Amino acid sequence: MRIGVLTGGGDCPGLNAVIRAAVRKGEGSYGHSFLGYRHGWRGVMEGISIPLTIASTMGLLTKGG
């Protein structure tokens with residue numbers, strides 16, 4: 001299954017941890033693939049996305065924004 005991750009922007013403590021956990025569980029246990037959309041709904045409409053993988057989300061917990 002391919003899953004898109006879209007957030008509303010702004011401050012949201014703990015959101016990076018949730019994204020990381022979803023990717024780790026979904027990819028590692030179920031074989032799902034994830035896309036992260038940039039710039040909110042504009043990213044969805046214009047196809048501005050980045051692949052989210054276990055490797056790409058390593059170190060995400062210590063980053064803000």
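Buried means under 20% relative accessible area, exposed means over 50%, and partly exposed lies in between (1.4 Å probe, protein chains only). This is a predicted model, in which local features need pLDDT of at least 70, side-chain atom pairs count only at pLDDT 80 or more, and totals for chains, interfaces and linings use all residues. Residues are numbered from 1 along each chain as its sequence is written, and side-chain values use heavy atoms, with hydrogens and water left out.

Q: Is R42 buried, partly exposed or exposed?
A: Let's compare its value with the cut-offs. R42 has a relative accessible area of 46%. Because that value falls between 20% and 50%, R42 is partly exposed.

Q: Which residue does R42 meet in a salt bridge?
A: A salt bridge needs a side-chain nitrogen of Lys or Arg within 4 Å of a carboxyl oxygen of Asp or Glu. Side chains of opposite charge can pair when their charged atoms come close. Here the N to O distance is 3.5 Å, and the partner of R42 is E46.

Q: Is E46 buried or exposed?
A: The relative accessibility of E46 is 53%. Because this is over 50%, E46 counts as exposed.

Q: Where is N16, and is N16 buried or exposed?
A: N16 sits in helix α1, which covers residues 15-30. Its relative accessible area is 18%. Because that is under 20%, N16 is buried.

Q: Which residue has its backbone oxygen 3.5 Å from a polar atom of the N16 side chain?
A: We can look at contacts, meaning heavy atoms within 4.5 Å. Leaving aside neighbours within four places in sequence, L60 is in contact with N16, I19 and R20. The backbone oxygen at 3.5 Å from the N16 side chain likewise belongs to L60.

Q: Which residues form the largest nonpolar core?
A: A nonpolar core is a set of buried Ala, Val, Leu, Ile, Met, Phe, Trp, Tyr and Cys residues joined through side-chain atoms within 4.5 Å. In soluble globular proteins, nonpolar side chains tend to be buried together. The largest such core here has 6 residues: V5, I19, V23, F34, L52 and L60.

Q: What is the phi of H39 near?
A: H39 lies in the loop between β2 (33-37) and α2 (41-46). Its phi is positive, in a residue other than glycine, and is near 65 degrees.

Methods: Helix = DSSP H or I, 4+ residues; strand = E, 2+ residues; numbered from the N terminus. Polar contact = N/O pair within 3.5 Å; in protein donor to acceptor, adjacent residues only side chain to side chain.
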